Amino acid sequence: MQAIALRAFGRGVRVTSAVELRGGMYNNTYRLRADGGPVILRIAPARQRQFASEHELMRNEYAAVPFLAPIAGLVPRVLAADWSQEITGRDWMVQSHLDGTPAPDRLGDYPRTLWPGFFAQLGTITKDIHAVRGSRFGPVAGPGYATWSEAVLASLSAIADDVSRAGLDAADVRKVADLAAEHHKVLDEITEPRLLTGDLWTVNTMLAAAPTPVISGVLDLDRTLWGDRAADWTIRMASAKTDERTAFWDTYGPRAATSSDAWRALIYEARHLGAIRLERHRLHNPSGVDDTYTSMAAVLTKLI
């Protein structure tokens, strides 16, 4: 920690305490106390522990910073970043400390009648991010693809390879990839790359100390990519249930509803399920891994 502080801030700053924060499921995250106040240190997994489909996510987040200007007031500032791996053998980044409480720890303290306001704010934030246009498809840091189908197929292929390397059955993911390739023209109806959050939902937000739920921060946008807005994790989660989250659509806008939209949504759901399978495997959740096979079978039934 001291070596990182020395590289990030120079000899005049000394770390006085470091506390690892819970909740992060990919990076190791610490709150450092140093001269000038607290900062957040995030350390990426070692390269050999990263799935190919999650390659160098921290560098991807760093590359996305300029494009997140519409919500700049909500995201932490990058104070230092080091990809040399000279100190820890891993990438690391120091960010400003955001005030507030993680939404999963605070939202439940409010009466449910106030929850729609939270989801309406989430809709506005997502709409602002989705309004940013790109010049190619795929992860913000690359590789970039000329067509949306190429980006989707590359993602599905990487997920399938990761599932296989983890010793799990990837046949269902590969079947989805085959169907996506066969019907690539439906994917390529999407011609304008938009910025996707990749992973934004309640767990990635902070709430201010206020009488109503007020989003004061947005965290961990390391899975950002250029693509179809409907492919975003946030859209998937907003569509998952008919409860307070329906207020999301009041500010975001209506969902697309053509037959092509419905078919693409199934491909996107399969991609999400493949990523969920990998995460649950990494977190040693075998029953959760098994559940993804049941869910994927249901998706394939609708696709075939």
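Trainee: How much space lies in the second largest pocket?

Mentor: About 880 Å³. Keep in mind that this is a predicted model.

Trainee: Which residues are closest to the centre of that pocket?

Mentor: Arg229, Ala230, Ile235, Ala256 and Ala265 are the closest, out of 32 residues that line the second largest pocket.

Trainee: And which elements give two or more residues to the lining?

Mentor: Helix 4 (115-130), helix 8 (233-238), helix 9 (248-252) and helix 10 (259-282).

Trainee: Which one gives the most?

Mentor: Helix 10, with 8 residues in the lining of the second largest pocket.

Trainee: What is the lining made of, by class?

Mentor: The second largest pocket is lined by 15 nonpolar, 10 charged and 7 polar residues.

Trainee: Back to helix 4. Which strands does helix 4 lie across?

Mentor: Strand 9 and strand 10, and helix 4 runs at about 45° to strand 10. Both strands belong to an open sheet of 3 strands, ordered 6-9-10 and paired antiparallel.

Trainee: Which are the edge strands there?

Mentor: Strand 6 (101-102) and strand 10 (215-218), each of which pairs on one side only.

Trainee: How many bridges are there between strand 6 and strand 9?

Mentor: Strand 6 pairs with strand 9 (residues 205-207) over 2 bridges, in the antiparallel sense. In one of these strands, strand 9, Leu207 is the bridge partner of Thr101.

Trainee: Now strand 3. Why is strand 3 said to be largely enclosed by the rest of the structure?

Mentor: Because 5 of the 7 residues of strand 3 (residues 37-43) are buried.

Trainee: Which strands does strand 3 pair with?

Mentor: Strand 2 (residues 28-34) pairs antiparallel with strand 3 over 7 bridges, and Pro38 in strand 3 is the bridge partner of Arg33. Strand 5 (residues 92-96) also runs antiparallel to strand 3, joined by 5 bridges. There, Leu41 has Val94 in strand 5 as its bridge partner.

Trainee: What sits between strand 2 and strand 3?

Mentor: There are 2 residues between them, and the two strands form a hairpin. In the turn, Gly36 has a positive phi of about 95°.

Key: Residues numbered from 1 in each chain as written. Predicted model: local features only at pLDDT ≥ 70, side-chain atom pairs only at ≥ 80, totals over all residues. Heavy atoms only, no water. 1 Å grid on protein atoms, 1.4 Å probe; cavity = no way out; pocket = protein on both sides within 12 Å on 5 of 7 lines; lining within 4 Å. Points joined across faces, edges and corners; volume = space filled by probe spheres on them. Helix = DSSP H or I, 4+ residues; strand = E, 2+ residues; numbered from the N terminus. Nonpolar A, V, L, I, M, F, W, Y, C, P; charged D, E, K, R; others polar. Pairing = 2+ DSSP bridges. Contact = heavy atoms within 4.5 Å. Axes fitted to C-alpha atoms, helices over the stretch in contact; angles between N-to-C directions. Buried < 20%, exposed > 50% of the residue type's maximum accessible area, 1.4 Å probe, protein only.
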